[in-house]
Each structure stands twice: as C-alpha cells, then as structure tokens.
Amino acid sequence: MAVSQLAYLGIGVSDLARWRTFASDVLGMQVVEGASDGGVYLRMDECHHRIVLHPSGEDDVVYVGLQAASHAEYEQSKEALRAAGVRITPGTPAEITQRRVLDLVKFETGEVPFELCVGLYTRWDPPFRPGRSMSGFKTGALGFGHVVLRSTTRDDSVRLLTETLGFRISDYIGTMVFLHCNPRHHSIAFQPAAKDLPRSRDKRMWHFMLETNSLDDVGAAMDIAARSGAPLATTLGRHSNDQMVSFYVMTPSGFEVEYGWGGRLVDDSTWIVQRHDRGTLWGHKPQVEAALPVSAQPAAR
Ligand code: FE
C-alpha cells in the first residue's frame, strides 16, 4: 500500500472573492487567509487545510496531492515512478512549507499534475470551525474526498497509479475508471479528456467530492446553493457504484463539486470489480448540461 490517501488539492481560480463565499456558505468549509501568493486555505478537518485556492486564473486543478503513509513507502513510490519512466521533480522549500508536508515531489500523467507527499500535518491548532452550521466532514484516513479527472492518456494514468502507487480498481462506469487507495470507494476516477468540448468540459477537473457526516448537511447545502444563486449541476441522487447520496453544484471556476453523504466502503478481501451500466440508481438529473449537445455530456451519471 504505497499511497494511503488523497491528501490535498490546489485549485487556480480567477474569482477568489466568489470562491470564498461559495466555500464557506455553500460547502461549509473554513476559509483561512494567508497563502503566500495571496490565495486562501480551505479547511474541513483537523489538517491545516485540504484545499488551497491560488489566484492564478486557470479555473482548474493545479495539483492533486497524494500521501504516502511512511517515509519508506514514499521512497519506494518515488523509485517506482522513476522505474516507470515518469519524470519527477522535487517540491521547492516554499511549496513544501505551503502544503504543510514534510516533503513532496511532482509528476504528471495525462496532463494531470500530481504531487506525492509524505507527512501531511494532521493535527493543527486551532480546531476546525465550519463556515456554517453543519456536522462536519468524513475525512481522516479516508482522505478528504475524491476527484474525477480528465486524463489525455486515461489507460496509462490508470496503469501508473495501480502499478506504481498501489491504487486498486474499484469499478467502471461508461468511459470512467474508479480507483481506491483506502476503504473509500474511490479517491480518484479518470475519464478520457476529449477535445472540441465546451470550455467547462475541457478542464482537467470534472469535480471533487466532499462527504459530510449527516444527510441533513447535504439537504441544507442544496437549499443554501439555491438561495445563493450557485447553479446546481444535478438534482439529488444516489450513485450506483459508491452508493453516495449527493448533488452536484457548479463552482465559481466552472467545474463541479459533488456534495454527498453515505458512501460505501471497500473491503479488498471481498471486493469484486464490476462494470455498472449507469452511474446513478436514482436522481442526479443534469441541470446545467441540458443545453449541451448529447455528445458533450458526461457519459456516466
Ligand atoms: Fe463523484
């Protein structure tokens, strides 16, 4: 088991003011000012942060942080990446300080930027204070949630994460491959990047997912999103594979957040990999994609 969790995320944004309000009011995250480039940290648990919003304007993911559980596994994982022909570059002292880790290296697969880290600081004072009243997030050893990414070389990306970093395939839906590195059903899913799609479908980030401790938090977030004018991307629904009850809302960067509760866990000793015909058991009706041609709509929902 090389990578033990999806540890953190960096997002380049063009409208930091809208993101602050969205993250705090709709998602219930704690906004902490003070990133060195003028960005902000978003907290959701006892870690210093789980997301950094950088005011760099990409409106897309700028790094996905994977944590190795120990120094030994960190060194083994770096060696495995090198042996697989992947170019890895060390994080700068400023990046290591900003991520609140002991060390990190960067690598890319399918034009998706990853960081492999060791020693995420997981006990940070003061304690987490949600941006609005809520029960909190399911994180800890499960990582902060999941990300669904568009890779220009999906099969190579899946192979790299499974063969060098210890990820296991959970299942398949349409063109998507779901991967886990701890009992959370998936920490990462890849789908192929397709060119000539509308701008919001051209991003490396399709969505990231946050899981709350209570179904009521999901309902409350839907109400708050509607009141605040944040466009819902789907209705409430339950996914076929991880059985998460969730809805999707558009971020100020034009990609989506899945906000859910009740995802099932994977036990590797009994898990059977399968292909699901469709992504949803009920609900998850697209709201904002309705105007797009069918070919531009995501395959799995
Ligand atoms: Fe998801």
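Which exposed residues does the face of H2 turned away from its buried side carry? In this predicted model, that face of helix H2 carries Gln76 and Ala83. The helix itself runs over residues 71–83 and has 13 residues. From its first C-alpha to its last, H2 reaches 18 Å, close to the 18 Å expected at 1.5 Å a residue.

The buried residues of H2 are Glu73, Tyr74, Ser77, Lys78 and Leu81. These residues cover an arc of only 140° around the axis, and are therefore on the same side of H2. The cover over the buried residues of H2 includes strand S5 (60–68), strand S7 (103–109), strand S8 and helix H4 (154–164). Just after H2, Gly85 takes a positive phi of about 85°.

Leaving aside neighbours within four places in sequence, Gly110 is in contact with Arg150, Ser151, Thr152, Thr153 and Ser157. By contrast, the C-alpha atoms of Gly110 and Gln243 are separated by 28 Å; these two residues are 133 residues apart along the chain.

The metal site holds an iron ion, which is coordinated by His146 through NE2, His207 through NE2 and Glu258 through OE. The coordinating distances are 2.0 to 2.2 Å. Along the sequence, the spacing of the donor residues is H-x60-H-x50-E. His207 lies in strand S13 (residues 205–211) and Glu258 in strand S16 (residues 256–261), so this pair ties together parts that are 51 residues apart in sequence. His207 and Glu258 are both buried.

The structure holds 10 aromatic pairs. One of them is formed by Trp19 and Phe255, with 6.1 Å from centre to centre and 45° between the planes, a tilted arrangement. Trp19 lies in helix H1 (residues 16–26), while Phe255 lies in the loop between strand S15 (245–250) and S16; the pair therefore ties together parts that are 236 residues apart in sequence. Trp19 is buried, at a relative accessible area of 0%, and Phe255 is buried as well, at 1%.

In another pair, the ring centres of Phe114 and Phe190 are 6.4 Å apart and the planes stand at 70°, so the pair is edge-to-face. This pair also links distant parts of the chain, with Phe114 in strand S8 (residues 112–118) and Phe190 in strand S12 (residues 188–192), 76 residues apart. Phe114 is buried, with a relative accessible area of 1%, and Phe190 is buried, with a value of 0%.

Ring pairs also link Trp19, Phe22, Phe208 and Phe255 into a cluster. A contact of another kind involves the ring of Tyr63: Arg99 lies over its face, at 3.7 Å from the ring centre.

Terms used. Residues numbered from 1 in each chain as written. Predicted model: local features only at pLDDT ≥ 70, side-chain atom pairs only at ≥ 80, totals over all residues. Heavy atoms only, no water. Donors = N, O, S within 2.8 Å, 3.2 Å for Na, K, Ca; no water. Helix = DSSP H or I, 4+ residues; strand = E, 2+ residues; numbered from the N terminus. Buried < 20%, exposed > 50% of the residue type's maximum accessible area, 1.4 Å probe, protein only. Phe/Tyr/Trp six-rings, centres within 6.5 Å; stacked < 30°, edge-to-face > 60°. Lys NZ or Arg CZ within 6 Å of the ring centre and 35° of its normal. Expected span 1.5 Å × (residues − 1). Arc of directions from axis to C-beta. Contact = heavy atoms within 4.5 Å.
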